[in-house]
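Subject: Structure for you to look at

Hello,

Here is the structure I said I would pass on. Please look through it first; my notes follow below.

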Amino acid sequence: MYDYLKTRLRRSPVKEDALLRHHQSVDGVRNAQFVSFLQQSGFRKRVLNRHEKTKRIKKLVALAFVWSVVLGFAWIAFESAQALELF
């Protein structure tokens with residue numbers, strides 16, 4: 001509880017940046033000027049948030065699964081309609 005309050009009440013010189021704190025208590029860049037220089041120079045413009053990336057991938061997989069199920073049912077209905085036409 002003490003560590004949680006300590007991290008919440010501490011003010012950082014730069015607002016929550018992936019270059020400053022990858023793991024908040026384990027490692028981090030202490031020099032805010034260096035981080036500011038990296039940001040201005042365009043270093044590492046991609047999103048580093050793994051949680052958001054994982055959520056996006058799971059959403060895409062779920063959508064692909066739903067579309068494959070829908071297309072499968074449509075194919076079965078189409079084939080059944082063709083089979084009924086023959087008889």
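**Confidence and findings**

Within the protein chain, helix H1 (residues 2–9) has the lowest confidence, at a mean of 74, while H3 has the highest, at 92. Please keep in mind that this is a predicted model. For the protein chain, the mean pLDDT is 78, and 70% of its residues reach 70 or more. Where pLDDT is low, the predicted coordinates should not be read in detail.

On the overall layout: the protein chain holds three helices and zero strands. Read from the N terminus, its elements run α-α-α. The protein chain has 87 residues, and 9% of them count as buried. Its accessible surface comes to about 8,500 Å², with 62% of that belonging to carbon and sulfur atoms.

Next, helix H2 (residues 32–41). Its residues Ala32, Val35 and Leu38 are buried. Viewed down the axis of H2, the buried residues fall within an arc of 120°, so they line one face of the helix. The face of H2 turned away from the buried side carries Gln33, Phe37 and Gln40, which are exposed. After H2 comes Gly42, with a positive phi near 90°.

Last, the surface. A nonpolar patch of about 1,200 Å² is made by Leu60, Leu63, Phe65, Val66, Trp67, Val69, Val70, Leu71, Phe73, Trp75 and Ile76. One of these residues, Val66, is found in helix H3 (residues 50–86). Is Val66 buried, partly exposed or exposed? Val66 has a relative accessible area of 46%, so it counts as partly exposed.

Regards

Note on methods. Residues are numbered from 1 along each chain as its sequence is written. This is a predicted model: local features need pLDDT of at least 70, side-chain atom pairs count only at pLDDT 80 or more; totals for chains, interfaces and linings use all residues. Side-chain values use heavy atoms; hydrogens and water are left out. Helices (H or I, at least four residues) and strands (E, at least two) are DSSP runs, numbered from the N terminus. Buried means under 20% relative accessible area, exposed over 50%, partly exposed in between (1.4 Å probe, protein chains only). Accessible areas come from the Shrake-Rupley method with a 1.4 Å probe; for residues, only the protein chains shown count as cover. Patches are made of residues with over 30% relative accessible area and no salt bridge: like charges are joined within 9 Å, nonpolar side chains (Val, Leu, Ile, Met, Phe, Trp, Tyr) within 5 Å. A salt bridge is a side-chain nitrogen of Lys or Arg within 4 Å of a carboxyl oxygen of Asp or Glu. The arc is that of the directions from the helix axis to the C-beta atoms. pLDDT is the predictor's confidence in each residue, from 0 to 100.
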